[in-house]
Amino acid sequence: MPIKVPNNLPAIETLTAENVFVMTDTRAMTQDIRPLQILILNLMPTKIDTETQLTRLLGNTPLQVELELLQTSTHKASNTSEEHMIAFYKTFDQIKHKFYDGMIITGAPVELMAFEEVQYWDELCEIMEWSKRHVHSTFHICWGAQAGLYYHYGIQKRTLPKKLSGVYKHHLDYKKGMLFRGFDDEFYVPHSRNTTVDREDVEEVKELKIIASSDEAGIYAIKSENDRQIFIMGHSEYDGDTLLKEYVRDKNAGLEPDVPCNYFPGDDDTKEPVVKWRSCANLLYSNWLNYFVYQTTQYDISQIHDETLESIMEQRGQVNLKIAKFGGTSLADADRFRKCADIINGDSTRKFIVVSAPGKRSEQDQKVTDLLIACTEKGKAEAEEILLGVQARYKALVRSLGVKIDVDREFEVIAAALGNTEKKDYVISRGEYLNGKIMAEFLGRDFIDAEGTIYLDESGQYDEMKTKAMLGKALKEHERSVIPGFYATMPDGQIKTFSRGGSDITGAIVAAVASADIYENWTDVSGFLMADPRIVEHPMTVPVITYKELRELSYMGAMVMHEETIFPVTKVGIPINIRNTNKPEEHGTLIVKNADYYQNKFAISGISGKKGYATMVIEKAGLSENAQMRTEILNIFSDHGVAIKNILSGIDSLTIIIEKAQLSTYQEQITEEIQLRISPNVINLTQDMAMIAIVGRELFTGPGVAVKVLGALAARKINIRMIDHGSERINMLIGVDEVDYVAAIQAIYEAFTRG
């Protein structure tokens, strides 16, 4: 099969003369085939020569390859015309939204410089980081290999006593690998470099495997454990005369270079060089394309980032500390306790554990916290009866787990607090307290009570300074421990429960104080769902979402972790990983502050919405330009305690969106006051509207999202009553009739997820 290249690329003429089947853009348009998308970051000074060499090797395969050339924007090519670079090369900003089956990073003549001193080093680092989410397999060459090993694994290059130049005999260190399938026991490779990497440094990294090397030239080929990164130290792509050109160049520059080893017959530089590496080079690139790209990449390359979700979760730099919070459904009974313990013990970085009270064991069951709340609201006799039921549940849990906790003694103290209004929150908090004691005993860890370590101020707000001091001290003294969620300590020493998502707040506080690398929130779902499962059957999980996207989705009613419960970690930018205790092998959803390199394959991150809205359209000439009248209108709604959800402006009108339930009580008064204060021409009120939010960080990178949304609704003949784009540029708000609400969400979801 051919290799597809841009029209008029200089390599076309050379390769066509060599009978390499090259296909231009124009001809490829007639082919009904999914070609492999290969990106070449060409850092070599002789760019046209390198283009031709790599195109030749990539074209020697039965697979169709579509080539794209990339340059760094922070360094201008000095040996290639600007016209050529403009015509055939793109910058990172132009391609970073795309996905590729494979990528080649070439060598560069900067090896004697420290990596950080290279002009384009920061940009190269950004590209290599991006490649982990957007490229299935990356092939690094010579200095590009050393740069990749340094960036990804911290392996430093070493300067050689003198330049390594020549054609050297190699052998396989690992004979079962597919990259060198079909190779002879000995084969030849050209090298031309001043630096290398030490075998000892590579062997210390368990994720790397040395595949081939040379007694004279050192390591030649290294691959990552997951086959996603290939590092080649030599220049298999070299033409027969490339080393000759370099040798003559250095001689003419007065550098007195050594004659390249094993290159000229008898090392006589007056004779024509002997090419003895071309067949191996062709096989190397064919094997890479076939076994490491074609046979393992997804047909839909936009899903490449899913393949690396594990690395996103587990390899965000060096992960040394995770805080794991387990919700009530994850701790409802002894079997689920054991499942959580297995998860905790399965990762040594899960040092601090936060627990909720036991949740429902079945649909007919009740949460322990709900039962304890009932104890504080009922009469003494009924409260004591409910408490006995909770006590029996804990005794059964302790007995099944085989832990030594005096449940009866604990409940004597709780029973003594019943009826004491000052002890109400104390009673309600005992579900988390007891679960924390039991989990600590079961795991063999220390117990850190939230009482005396997590603090609120006089107004009931989180006291960050005092908590950092007290909890920080406790965490240092107890390296592996369990902390109960949901409650904190008031300045007078009384226990106070959090108002909503209490254990989530505790988990976030512990993560922030401990400066965790990741905050894991374990529950009974595998992350955030792209749509409401009551509306869309088996909606997909959102792999990565930002704090801002989370805020928008929760504001419009999505059943997601509320922003108020995670503010301690969002403040310091700690990523949150939502995981499923029933499916711990799934990676769930990662919530991050910045998602530049976590592109959503569906272009949107979620769909949420609510029914029960009304719109009030107020028309008056010049209304949009009259700040005083606009303020008057807003004050009228505010005076009656009616929250405005959204405002749309026309030349002579305002469209105000409010919740129908809020408006109904004050509808007549608000209408009369607007008439009285601004004398509008028209006031129209429309009821029974639903609002749908489409949220995604890439919403405005192109017209595709809006086109898909509007097209999906048009196809279902759903009338759009209003449309608005949020100021954050990550959400799109659609208003439809309530009767169309379910169909609209289903249509939008299908538009972005169907194959």
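Trainee: Lysine 98 and glutamate 68 form a salt bridge. What makes this pair a salt bridge?

Mentor: The closest N and O atoms of lysine 98 and glutamate 68 are 3.0 Å apart. A salt bridge is a side-chain nitrogen of Lys or Arg within 4 Å of a carboxyl oxygen of Asp or Glu, so this pair qualifies. A word on the basis: this is a predicted model, where local features need pLDDT of at least 70, side-chain atom pairs count only at pLDDT 80 or more, and totals for chains, interfaces and linings use all residues. Residues are numbered from 1 along each chain as its sequence is written, and side-chain values use heavy atoms, with hydrogens and water left out.

Trainee: Which parts does the pair of lysine 98 and glutamate 68 tie together?

Mentor: Lysine 98 is in the loop between helix H5 (92-95) and strand S6 (100-105), while glutamate 68 belongs to strand S4 (residues 65-70), so the pair ties together parts 30 residues apart in sequence. These labels come from DSSP runs, numbered from the N terminus: helices are H or I with at least four residues, strands are E with at least two.

Trainee: Why is glutamate 68 called buried, and lysine 98 partly exposed?

Mentor: Buried means under 20% relative accessible area, exposed over 50%, and partly exposed in between (1.4 Å probe, protein chains only). Glutamate 68 has 11%, so it counts as buried. Lysine 98 has 26%, so it counts as partly exposed.

Trainee: How many salt bridges does a search of the whole structure find?

Mentor: The search finds 43. One of them joins glutamate 520 and arginine 579, with the closest N and O atoms 3.6 Å apart. Glutamate 520 lies in strand S19 (residues 518-523) and arginine 579 in strand S21 (residues 576-580), 59 residues apart.

Trainee: How do you know whether glutamate 520 and arginine 579 are buried or exposed?

Mentor: Glutamate 520 has a relative accessibility of 1%, so it is buried. Arginine 579, at 4%, is buried as well. Salt bridges with shared partners also join Lys322, Asp347, Arg350, Glu520 and Arg579 into one network.

Trainee: How do aspartate 241 and lysine 245 meet?

Mentor: Their side chains form a salt bridge of 3.9 Å, N to O. Aspartate 241 is partly exposed because its relative accessibility is 33%, and lysine 245 is partly exposed because its value is 46%.

Trainee: Why are helices H16 and H17 called roughly antiparallel?

Mentor: The axes of H16 (residues 407-417) and H17 (residues 424-443) come within 10 Å and cross at roughly 170°. Axes are lines fitted to C-alpha atoms, for helices over the stretch in contact, and angles run from 0 to 180 degrees between N-to-C directions. Angles under 35 degrees count as roughly parallel, over 145 as roughly antiparallel, 65 to 115 as roughly perpendicular and the rest as oblique. H16 and H17 are therefore roughly antiparallel.

Trainee: Which residues make the contact between H16 and H17?

Mentor: Contact means heavy atoms within 4.5 Å. H16 contributes Glu410, Phe411, Val413, Ile414 and Ala417, and H17 contributes Tyr426, Val427, Arg430, Tyr433, Leu434 and Lys437.

Trainee: And what about threonine 497: buried or exposed?

Mentor: Threonine 497 has a relative accessible area of 13%, so it is buried. It lies in strand S18 (residues 495-497). Leaving out residues up to four places away in sequence, threonine 497 touches Asp425, Ile428, Ser429, Phe486 and Tyr487.
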